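Here is a briefing on one protein model with its ligands. Look over the sequence and the structure first, then read on.

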Amino acid sequence: MQKNRRWQRRERPRGISSYNLDQWTSFRAILEAMGAMDAAELQRLRETARPYLRFREELDLFHKRHVDGHCTTACFEKGISACCGFESIFTFFGDQVITVLFSDEEDMDSLLSPLTMPNTTGKCVYAGPAGCLWKVRPISCAMFFCDDVKKNILQNTEGIEGEWKEMQKREKEFTWPDRQVLFDDLEKCFMACNVDSPFMYFHKSPGLLRIKKQGRRNHGGKEAFPEEAISTSTAK
Ligand code: SF4
Ligand code: SF4
């Protein structure tokens, strides 16, 4: 994959926080693994992620219809936003894979460059001048609403509460591993390519591992989540 060669040549950045370094290293491992895949394999991965992207489009619409106006007056016009004010935001490995899959070289350049420098902004390292630098921002960000929004819009407005619950249910179809889910599958797929990342929570977090185990029990102890979930042909 020609586009990624530039990233593969880049040296490990120095003098940055462990958060930046972990993010950088994980993104780089993904780019290298994708660099070894052929076009058909990459296309297959993109197709696997399509239903999730459709869900994200619906979630964006939900934001636009019900919350964005409030955020503009409550935060953006005042130049503050509790949403992107934390330096180390939570990301899944799957978030990283998905954003890389749908980014071009320029997008990757904007996304990875801030990681190579110390973050002195006091905000999320991915908060750019025109907003979030991720092509598909992490699911924890997309599903986050402050207490003010939860209390005054999501929980107390007729119609919206039900819609919000539906969005939460849809999110679980991709991220709640009591069944076979995309975010777990993406980790398996890259692990089979010898990629390791601290953000592979579906294989490292005791909480998520417990949910997976319980899910298997609910399926009568059978292997409900086959290791070849996405593609064994992708594995090298
Ligand atoms: S969700 Fe809350 S904190 Fe975040 S931008 Fe909207 S109003 Fe501000
Ligand atoms: S990743 Fe993007 S949306 Fe999430 S906190 Fe950072 S800038 Fe905000």
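**Ligand shells and helix packing**

His70, Cys71, Ala74, Cys75, Ser81, Ala82, Cys83, Phe145, Cys146, Asp148 and Val149 surround ligand 1. The model is predicted.

**Ligand 1**

- Helix 3 (39-74) and helix 7 (147-154) each give at least two residues to the shell around ligand 1.
- Helix 3 provides the largest share of that shell, with three residues.
- By class, the shell around ligand 1 has eight nonpolar, two polar and one charged residues.

**Ligand 2**

- The residues around ligand 2 are Cys83, Cys84, Ile89, Cys124, Tyr126, Ala127, Cys132, Trp134, Arg137, Pro138 and Cys141.
- Of these, 10 are nonpolar, none is polar and one is charged.
- Cys83 is listed in the shell of ligand 1, and Cys83 is also listed in the shell of ligand 2.

**Overall fold**

- The protein has 11 helices and two strands.
- Along the sequence, these elements follow the order α-α-α-α-α-β-β-α-α-α-α-α-α.
- The protein has 236 residues, and 26% of them are buried.
- Among contacts with a separation of 6 or more, 78% join residues 24 or more positions apart.

**Helix 4 against helix 9**

- Two packed helices are described by the angle between their axes and the distance between the axes.
- Helix 4 (residues 93-101) packs on helix 9 (residues 182-191) at an angle of about 80°, and the axes are 8 Å apart.
- Helix 4 is therefore roughly perpendicular to helix 9, because angles of 65 to 115 degrees count as such.
- On the helix 4 side, the contact involves Phe93, Gly94 and Val97.
- On the helix 9 side, Leu182, Phe183, Leu186, Glu187 and Phe190 take part.
- The residues of this contact divide into six nonpolar, one polar and one charged.

**Met117**

- Where does Met117 lie? Met117 is in the loop between helix 5 (105-112) and strand 1 (127-128).
- Is Met117 buried or exposed? Met117 is exposed, because 12 other C-beta atoms lie within 10 Å, and the cut-off for exposed is 12 or fewer.
- Met117 and Ser17 are 100 residues apart in sequence, yet their C-alpha atoms are 8.7 Å apart in space.

Key:
Residues numbered from 1 in each chain as written. Chains lettered and ligands numbered in written order. Predicted model: local features only at pLDDT ≥ 70, side-chain atom pairs only at ≥ 80, totals over all residues. Helix = DSSP H or I, 4+ residues; strand = E, 2+ residues; numbered from the N terminus. Buried ≥ 20, exposed ≤ 12 C-beta atoms within 10 Å, placed from the backbone. Axes fitted to C-alpha atoms, helices over the stretch in contact; angles between N-to-C directions. Parallel < 35°, antiparallel > 145°, perpendicular 65-115°, else oblique. Contact = placed C-beta atoms within 7 Å. Nonpolar A, V, L, I, M, F, W, Y, C, P; charged D, E, K, R; others polar. Near = placed C-beta within 6 Å.
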